[in-house]
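I opened my notebook to keep track of what I look up in this structure. Here are my entries, in the order I made them.

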Amino acid sequence: MIDYNLFEDIMGFDSTSGKERPLAEFLSHKLKAPKVEMSEVGDGTANLLFSWGTPRIVYCTHIDTVPPYIAPKFLPDRVTGRGACDAKGQIIAMYSACCELAKAGKSGFGLLLLSGEETGSWGAKAFAKQPFRADTLVIGEPTENRMVTASKGTKAYELAFTGEPFHSGYPQFGRSAVEMFVDFVNTLRGQRFPFDDVLGDTTYNIGKLFSDNAQNILSPFLACRVYFRTTFASDGAVHEWMLNEVQKDGVS
């Protein structure tokens with residue numbers, strides 16, 4: 001049975017990445033298990049491990065959500081709001097499953113809740129440094145209600161484009177970092193990475209754009225973050241392509 005009051009409490013937290021600490025602390029006291037461990041990620045956030053015996057099977061999902069925070073609505077046939085399907089719904093579903101297993105007298109399982117998943121899997125990387133190991137890991141992510149055994153990987157790159165500032169009335173005497181970025185994006189859009197028969201195409205997104213130049217001055221600097229969702233077939237090709245791009249003049 002799912003505790004919808006608890007689910008509503010969880011949904012009420014703004015736990016967008018970087019703000020998930022209060023929810024982690026709430027969960028550490030509210031969720032009941034024989035053993036509860038909180039471990040620091042190193043950036044002010046924390047991971048949680050709930051254990052029933054020595055876990056051989058671990059249910060795992062994440063605490064943080066993407067911005068912006070959207071307040072929940074509990075409707076007769078569905079729940080809406082930030083995190084309802086990614087991944088606060090998974091938190092309540094997995095915790096409910098653990099409670100049912102415990103009620104049936106089972107042990108040897110755990111629930112792992114991680115921070116920083118949406119911004120670089122920082123919680124997972126921090127937890128991986130611990131000696132804890134289990135035989136089976138069940139990940140909770142939105143998959144359109146289908147069980148999956150493989151998913152795309154991720155690769156993220158921080159890029160900096162360094163130009164030469166000059167008055168925009170005389171662009172021939174300068175070099176715009178914005179134009180350099182546009183050239184990079186156009187090249188990326190034309191790039192075709194290997195297709196994967198299992199996971200399909202490689203996709204990407206660009207965020208964290210910054211170029212603090214006046215509108216009438218060629219930009220001397222632009223920074224951004226490029227985030228790829230790679231496949232078995234494309235992972236190496238993406239990395240090799242990015243290494244070649246950062247060797248170009250003004251790109252790092």
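What is the bridge partner of A160 in β10? I looked it up, and it is A223. A reminder to myself: I'm working with a predicted model.

**Entry 1**

Is L243 buried or partly exposed? Its relative accessibility is 42%, so I put it down as partly exposed. I also checked L243 against L27: they sit 216 residues apart in sequence and 42 Å apart in space, C-alpha to C-alpha.

**Entry 1: the five-strand sheet**

On to another sheet. What is the order of its five strands? I read it as β1-β2-β6-β3-β7, an open sheet with mixed pairing. β1 (35–40) and β7 (136–139) are at the edges with a single partner strand each, so one side of each has no neighbour in the sheet. The twist here averages 20° from one strand to the next.

I then went through some of the pairs:

- β1 and β2 pair in the antiparallel sense over six bridges, and M38 has L48 in β2 as its bridge partner.
- β2 and β6 are antiparallel as well, over five bridges; L49 has L112 in β6 as its partner.
- β3 (residues 57–62) and β6 (residues 109–114) pair in the parallel sense over six bridges, with H62 opposite L114 in β6.

Helix α2 (residues 21–30) packs on this sheet, where it touches β1, β2 (46–52) and β6. The direction of α2 makes about 20° with that of β2.

β1 and β2 also form a hairpin, with five residues between them. In the turn I spotted G42, which has a positive phi of about 115°.

How many residues of β2 are buried? Seven of its seven, I found. Both faces are covered: A46, L48, F50 and W52 are buried on one side, and N47, L49 and S51 on the other.

**Entry 2: two helices**

Last, I looked at α1 (residues 4–11) and α3 (residues 88–103). Their axes come within 10 Å and cross at roughly 150°. That makes α1 roughly antiparallel to α3, because angles over 145 degrees count that way. I marked the crossing of α1 and α3 as right-handed.

Which residues meet there? From α1 I listed L6, F7, I10 and M11, and from α3 K88, G89, I91, I92 and Y95. Sorting the residues of this contact gave me seven nonpolar, one polar and one charged.

Methods
Residues are numbered from 1 along each chain as its sequence is written. This is a predicted model: local features need pLDDT of at least 70, side-chain atom pairs count only at pLDDT 80 or more; totals for chains, interfaces and linings use all residues. Side-chain values use heavy atoms; hydrogens and water are left out. Axes are lines fitted to C-alpha atoms, for helices over the stretch in contact, and angles run from 0 to 180 degrees between N-to-C directions. Helices (H or I, at least four residues) and strands (E, at least two) are DSSP runs, numbered from the N terminus. Angles under 35 degrees count as roughly parallel, over 145 as roughly antiparallel, 65 to 115 as roughly perpendicular and the rest as oblique. A crossing is left-handed if the near helix is turned anticlockwise from the far one by less than a right angle, and right-handed if clockwise. Contact means heavy atoms within 4.5 Å. Ala, Val, Leu, Ile, Met, Phe, Trp, Tyr, Cys and Pro count as nonpolar, Asp, Glu, Lys and Arg as charged, and the others, Gly among them, as polar. Two strands pair if DSSP finds at least two bridges between them. Buried means under 20% relative accessible area, exposed over 50%, partly exposed in between (1.4 Å probe, protein chains only).
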